[in-house]
Amino acid sequence: MGRKVNVATCSLNQWSLDFEGNLERILKSIEIAKAHGAKYRLGPELEICGYGCADHFYESDTLLHSFEVLRKLLESPVTQDIICDVGMPIMHHNVRYNCRVLFLNRNILLIRPKMLMANHGIYREMRWFSPWNQLRKVEEYFLPRMIQEVTGQDTVPFGDCVLSTKDTCIGTEICAELWNPRSPHIQMGLDGVEIFTNSSASHHELRKADQRVNLVKSATTKTGGIYLYANQRGCDGDRLYYDGCAMVAINGDIVAQGAQFSLNDVEVITATLDLEDVRSYRGEICQPHMESEHKPCHRVKVDFSLSSGNDIYLPTHQPITWHFHTPEEEISLGPACWLWDYLRRSGQAGFLLPLSGGVDSSSTACIVYSMCVLLCQAIEGGNSQVLKDVRWLVGDESYRPQHPKELCGRIFTTCYMASENSSVDTCNRAKDLANQIGSTHMNINIDMAVKGILGIFSLVTGRLPQFRTNGGSHRENLALQNVQARVRMVLAYLFAQLSLWARGKPGGLLVLGSANVDERYYWSY
């Protein structure tokens, strides 16, 4: 009797509204999953269009292009003989929903809309989507003509339903539903669903990986079952970094772990698991509570098996200990990954940082160096996409970085902007740090610009403000400090735009700012 299932989940670096690129990465993940023998593939939330489309979700073109991608997925030979679970926005009865679409062999099996929305903190899903509030309710969804032409279907099930294969039952959760006290997996588990899936777009916060792992373990400890977790990775165009952490768990144990900080655009993890382990666990731990629900799950049946009849000797994945990064590693790696994604999508050739010698700007410089370390490690590990992007940045198709310091010198410029009030110590600290990380460093004196601005003011008003140490008032002192800061800001943007041009190189630089959040201020310098 077939009972061992091979399932796959993934982390994808999807870009908002990059429909062609997103399609390519989805297909690649399915191809990898099939190569590992998986019969079910799960992807991140809204992976077809990208999670961070914001008000572009209001545009009908976003829905149209999402269906165009879905059609290409249905038509692709890569998606044959594997259940594919993809995310996209869908309008039903003139209401937009954040949905999962499950399909197999050119047929859509079901569409499951998100029921519990993320609408707190930085999330604003209720601005663009409505929750599906009808528990256990399933309606008919009329497919667009372009999809009907491929599938031969006019309508498909739409709503709170689960997928029943010949050997098991699969239920869907979407991102925030796992974090909610009314998580769907609880009732689904009590109704006999054995495999739970969660498609997320969960951003990085310090120690958030711990919470995710604990929630997934808890979900399968209570009622048993297999849990697949997929997540977005990278910066999809906003200020957030999505940190992957794809995982597979069974009966409270993690059996497969994806990376939290990685420059791989596509990461697929697979696991072979025994359904009898779930059934035995439930029989021992949960039997008294496994009873028929007042409203049982609506099951959509499909003539397909995740297992085969000759799997008796197939080894299964065993529990592993999750490797958590330290807080210091998270601080170093998370922003570094975000910087790389932002840089390669900006079309610029690197970064410029005004380096004051203080802790704020020095920390920013170290994060950029951390990015260079990650790039070199990825290239050394055979990541051809990273190498391609680095070569484009430096404008050399034959370039291959030999060391993070050497790469840093190519894409990172630092400058110390001295005034008559600056100390030798801060100047030396900035220079020493630049030497240690390998950045291209400049010393710029701003006194001439400051005197020019004050000269204009004096010419108009007949007054020359003084620092407090020279007898000036608090207002004069603050104004003079702001003049220096704003001059540095203007010069930073000037050098970012033209310093590469002055060296005979193409492109411009992105200006990095630094801040001390505890002091609640932010300088563009």
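**Briefing: a helix, a sheet and a loop residue**

The buried residues of helix H11 (residues 404-411) are Pro-404, Leu-407, Cys-408 and Ile-411. They span an arc of only 105 degrees around the axis, which means they sit on the same side of H11. This is a predicted model.

**Helix H11**
- An α-helix has 3.6 residues a turn, so residues three or four places apart point the same way.
- What do the buried residues of H11 pack against? They pack against S17, helix H9 (359-380), helix H10 (384-394), S18 and H12.

**The sheet**
- The open sheet has 4 strands. Their order is S19-S18-S17-S20, and the pairing is parallel.
- Strand S19 (440-445) and strand S20 (510-511) stand at the edges. Each has a single partner strand, so one side of each has no neighbour in the sheet.
- Strand S17 (residues 351-354) and strand S18 (residues 412-418) run parallel and are joined by 4 bridges.
- Pro-354 has Cys-415 in S18 as its bridge partner.
- Helix H12 (residues 424-437) lies across S18 and S19. H12 runs at about 170 degrees to S18.

**Asn-251**
- Where is Asn-251? This residue is in the loop between strand S13 (247-250) and strand S14 (253-257).
- Is Asn-251 buried or exposed? Asn-251 counts as buried because its relative accessibility is 15%, and the cut-off for buried is under 20%.
- A polar atom of the Asn-251 side chain lies 3.1 Å from the backbone oxygen of Asp-277.
- Leaving aside residues up to four places away in sequence, Asn-251 touches Thr-220, Thr-221, Gly-224, Gly-225, Asp-277, Val-278 and Tyr-281.

How values were computed. Residues numbered from 1 in each chain as written. Predicted model: local features only at pLDDT ≥ 70, side-chain atom pairs only at ≥ 80, totals over all residues. Heavy atoms only, no water. Helix = DSSP H or I, 4+ residues; strand = E, 2+ residues; numbered from the N terminus. Buried < 20%, exposed > 50% of the residue type's maximum accessible area, 1.4 Å probe, protein only. Polar contact = N/O pair within 3.5 Å; in protein donor to acceptor, adjacent residues only side chain to side chain. Contact = heavy atoms within 4.5 Å. Pairing = 2+ DSSP bridges. Axes fitted to C-alpha atoms, helices over the stretch in contact; angles between N-to-C directions. Arc of directions from axis to C-beta.
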